[in-house]
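Look over the structure first.

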Amino acid sequence: MISRDKKKGFVRINKSKIENMRFNFDDVLEKEELKEKRAQYIHRAMAAGKEYKQNVNIRFKNIENRLLETRATIWRVTENYVVLKNNIHIPIRSISNIYL
């Protein structure tokens, strides 16, 4: 499933499309305070996923710098990646926003 929300400027994709996706090495966030908030949101989302099987919206950029969004449960967080169901990984540096 791919749909474009022209008002918001992002493309909504199914999480299965992330498996073969490539990402930039640069962080999409520049300010340290935003990176800290992102880390807090990621850990809260993971706790909600484990406890309540809660899906969250994850906005991120791929190597083409396209803003994408998927809805998924965060199962695990490593030092560099958010891990979704079916062992799908999104680099934390590529995530710009997470919300319910």
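Contact here means heavy atoms within 4.5 Å. The model is a predicted one.

Q: Against which strands do the buried residues of H1 pack?
A: H1 has buried residues, among them Ile42, Ala45 and Met46. The helix lies across E5 and E6. Its buried residues pack against E3, E5, E6 and E8.

Q: Within what arc do the buried residues of H1 fall, seen down its axis?
A: In H1, Arg38, Ile42, Ala45, Met46, Ala48 and Gly49 are buried. Seen down the axis, they line one face of the helix, because they fall within an arc of 160°. On the other side, Glu32, Glu33, Glu36, Arg44, Glu51 and Tyr52 are exposed.

Q: How far apart are the end C-alpha atoms of H1?
A: H1 has 21 residues. At 1.5 Å a residue, the helix should span 30 Å, and the end C-alpha atoms agree with this. They are apart by 30 Å.

Q: Which strands stand at the edges of the open sheet of 3 strands?
A: The order in this sheet is E5-E6-E7, with antiparallel pairing. Two of its strands each have a single partner, so one side of each is left without a neighbour in the sheet. Those edge strands are E5 and E7.

Q: Which residues touch the most other members of the largest nonpolar core?
A: This core has 21 residues. Helix H1 and strand E3 are among the elements that give two or more residues to it. Ile58 is in contact with Leu68, Ile74 and Leu84, among others. The residues that touch the most other members are Ile58, Phe60, Ile74 and Leu84.

Conventions
Residues are numbered from 1 along each chain as its sequence is written. This is a predicted model: local features need pLDDT of at least 70, side-chain atom pairs count only at pLDDT 80 or more; totals for chains, interfaces and linings use all residues. Side-chain values use heavy atoms; hydrogens and water are left out. A nonpolar core is a set of buried Ala, Val, Leu, Ile, Met, Phe, Trp, Tyr and Cys residues joined through side-chain atoms within 4.5 Å. Buried means under 20% relative accessible area, exposed over 50%, partly exposed in between (1.4 Å probe, protein chains only). Helices (H or I, at least four residues) and strands (E, at least two) are DSSP runs, numbered from the N terminus. Two strands pair if DSSP finds at least two bridges between them. Axes are lines fitted to C-alpha atoms, for helices over the stretch in contact, and angles run from 0 to 180 degrees between N-to-C directions. The expected span of a helix is 1.5 Å times one less than its number of residues. The arc is that of the directions from the helix axis to the C-beta atoms. Lists of a residue's contacts leave out its neighbours within four places in sequence.
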